[in-house]
Amino acid sequence: MNRLGRVVFIGAGPGAADLITLRGAARLRQADVVLFDALTDPALRELAPQALWVDVGKRGFCDATGQATIDALLVRYASSHACVVRLKGGDPSVFGRLEEELQALSRAGIACEVVPGVTAALAAAADTQRPLTRRGIGRSLSLTTAMTQEGRLHAGRHADTEVFYMASRQLGALGRRLRAAGWPADTPTSVVSRAGWPDSLASQHPLQGLGQAALLHAGRPTVVTVGAGALPCAMPAALPDGVAAAPQMGAESAAPDHPAATAPQGAA
Ligand SMILES: C[S@@+](CC[C@H](N)C(=O)[O-])C[C@H]1O[C@@H](n2cnc3c(N)ncnc32)[C@H](O)[C@@H]1O
């Protein structure tokens, strides 16, 4: 009989605990051990008070717990507990080092399941009410990490809408790279930090003014949406009497000297 436990990777979503999926919450309730990331909501502990919670959080390039250590911990806990949950911010398959952890578990013969979550790009689009795809002008979407493994900034032009992760410390440089890659200076960009949280912040800038977002979002997890998906939704020219128009987010933000900073819809 196989006495090894199993590991469930759960995408916790980008922010507040209620953004986890129903399946994710159900699996979390069964956990004996939870290895969790820095960007997951502490309120999720209420779903599994019986479990041993182990902080393996990594933020940016301060590698609090090395990847090899996390791999080893997963194998060790799954060798002595029936259900080990690996709780990751956003979606486990998006810049989540899922491949390394699956490989380590596979080598040890440990069964795995992956439960998807809401990635930060989607939460940012929801917060700003700026859809990532648009009929006619936004037919492709790319999710890009701005930093290479060696810590170098990397950016190009691959899709109508591009969302950059892990770029918050280099917004000015990212803007310059994108212009060099062929994006026009007046390309709309939308910067959202702590998307999905009650204190989410959003600002809009033409590409040439992207660096101005740095101070506002400093020290917060941030995504940068560039191109079609950063445009505000066009509002109907006239609405029937008695029908209120929804607020238009950051529509006035085209002037580079006056980037619009807003608490997104629904934020407390
Ligand atoms: C290691 S990646 C993990 C991404 C995660 N797996 C996901 O699907 O969202 C961490 C980066 O995700 C982005 N990020 C994570 N949570 C965020 C949030 N709530 N708001 C904005 N960006 C976020 C930031 O760019 C951060 O540097």
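This is a predicted model: local features need pLDDT of at least 70, side-chain atom pairs count only at pLDDT 80 or more; totals for chains, interfaces and linings use all residues.
Which residues point one way from β9, and which the other way?

**Entry 1: strand β9**

I looked along β9 and sorted its side chains. Leu201, Ser203 and His205 point one way, while Ala202, Gln204 and Pro206 point the other way. I then checked burial, and all of these residues are buried. That makes 6 of the 6 residues of the strand, which spans residues 201-206, so β9 is largely enclosed by the rest of the structure.

Next I asked what lies alongside. Strand β8, residues 188-193, pairs with β9 in the antiparallel sense, and I found 6 bridges between them. For a handy landmark, I noted that Val191 stands opposite Ser203 in β9.

**Entry 2: the nonpolar core**

I went to the largest nonpolar core, which has 62 residues. Val34, Val85, Phe164, Leu174 and Val223 are the residues with the most contacts inside this core. Helix α4, residues 120-128, gives the most to the core, with 7 residues. I also checked the domains: the core draws at least three residues from each of domain 1 (6-115) and domain 2 (120-233 + 251-262).

**Entry 3: a closer look at Val34**

I picked Val34 from that list of core residues. Val34 sits in strand β2, residues 33-36. Is Val34 buried or exposed? I found 25 C-beta neighbours inside 10 Å, and the cut-off for buried is 20 or more, so Val34 counts as buried.

I then set aside the residues within four places in sequence and listed the other contacts of Val34: Ala48, Ala51, Trp53, Val54, Val85 and Leu87. One of these, Val85, is also among the core residues with the most contacts. I checked a distance too: Val34 and Asp55 are 21 residues apart along the chain, and their C-alpha atoms are separated by 8.4 Å.

**Entry 4: around the ligand**

Now for the ligand. I counted 24 residues surrounding the ligand, and the closest are Gly90, Thr119, Ala120, Ala195 and Pro221. The elements giving two or more residues to this shell are α4, β8 and β10 (222-227). Helix α4 turned up again here, with the largest share of the shell, 3 residues. By class, I noted 13 nonpolar, 8 polar and 3 charged residues in the shell.

Conventions. Residues are numbered from 1 along each chain as its sequence is written. A residue is buried if 20 or more other C-beta atoms lie within 10 Å of its own, exposed if 12 or fewer, and partly exposed in between; C-beta atoms are placed from the backbone. Helices (H or I, at least four residues) and strands (E, at least two) are DSSP runs, numbered from the N terminus. Two strands pair if DSSP finds at least two bridges between them. A nonpolar core is a set of buried Ala, Val, Leu, Ile, Met, Phe, Trp, Tyr and Cys residues joined through C-beta atoms within 7 Å. Domain bounds come from an automatic or database domain assignment. Two residues are in contact if their C-beta atoms, placed from the backbone, lie within 7 Å. A residue is near a molecule or strand if its C-beta atom, placed from the backbone, lies within 6 Å of it. Ala, Val, Leu, Ile, Met, Phe, Trp, Tyr, Cys and Pro count as nonpolar, Asp, Glu, Lys and Arg as charged, and the others, Gly among them, as polar.
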